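Please work through the following exercises with the sequence and the model in view. Each task is followed by a solution in steps.

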Amino acid sequence: MALLMSLIISSALILVKSGYSDQFFSDLLSSWSLAFVFAWPSAYICAYLIQEHVLSRIEFY
């Protein structure tokens with residue numbers, strides 16, 4: 001999920017900021033790699049916090 005979300009957000013931000021150009025895919029690859037480095041641990045930590053703090057308070061029958 002972090003892989004796809006970082007790709008979508010990187011693509012959208014590049015298109016909004018500079019539009020489509022000849023360097024779009026090279027900019028996308030460099031931006032996407034940096035975004036994924038931050039997105040994966042963030043998604044992992046958020047999933048852990050949600051599981052521990054939110055789902056533990058819900059009673060499932």
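Buried means under 20% relative accessible area, exposed over 50%, and partly exposed in between (1.4 Å probe, protein chains only). This is a predicted model, in which local features need pLDDT of at least 70, side-chain atom pairs count only at pLDDT 80 or more, and totals for chains, interfaces and linings use all residues. Residues are numbered from 1 along each chain as its sequence is written, and side-chain values use heavy atoms, without hydrogens and water.

**Exercise 1.** Determine which residues of helix α1 are buried and where they lie on the helix.

Solution.
1. Helix α1 comprises residues 2-18; helices are DSSP runs (H or I, at least four residues), numbered from the N terminus.
2. Its buried residues are A2, S6, S10, S11 and I14.
3. Seen down the axis of α1, these fall within an arc of 155 degrees (taken from the directions from the helix axis to the C-beta atoms), so they line one face of the helix.
4. An α-helix has 3.6 residues a turn, so residues three or four places apart point the same way.
5. The face turned away from the buried side carries the exposed residues L4, I8 and V16.
6. The cover over the buried residues of α1 includes α2 (24-54).

**Exercise 2.** State which helix holds W40, and whether W40 is buried, partly exposed or exposed.

Solution.
1. W40 is located in helix α2.
2. The relative accessible area of W40 is 48%.
3. W40 is therefore partly exposed.

Definitions and conventions. Helix = DSSP H or I, 4+ residues; strand = E, 2+ residues; numbered from the N terminus. Expected span 1.5 Å × (residues − 1). Contact = heavy atoms within 4.5 Å.
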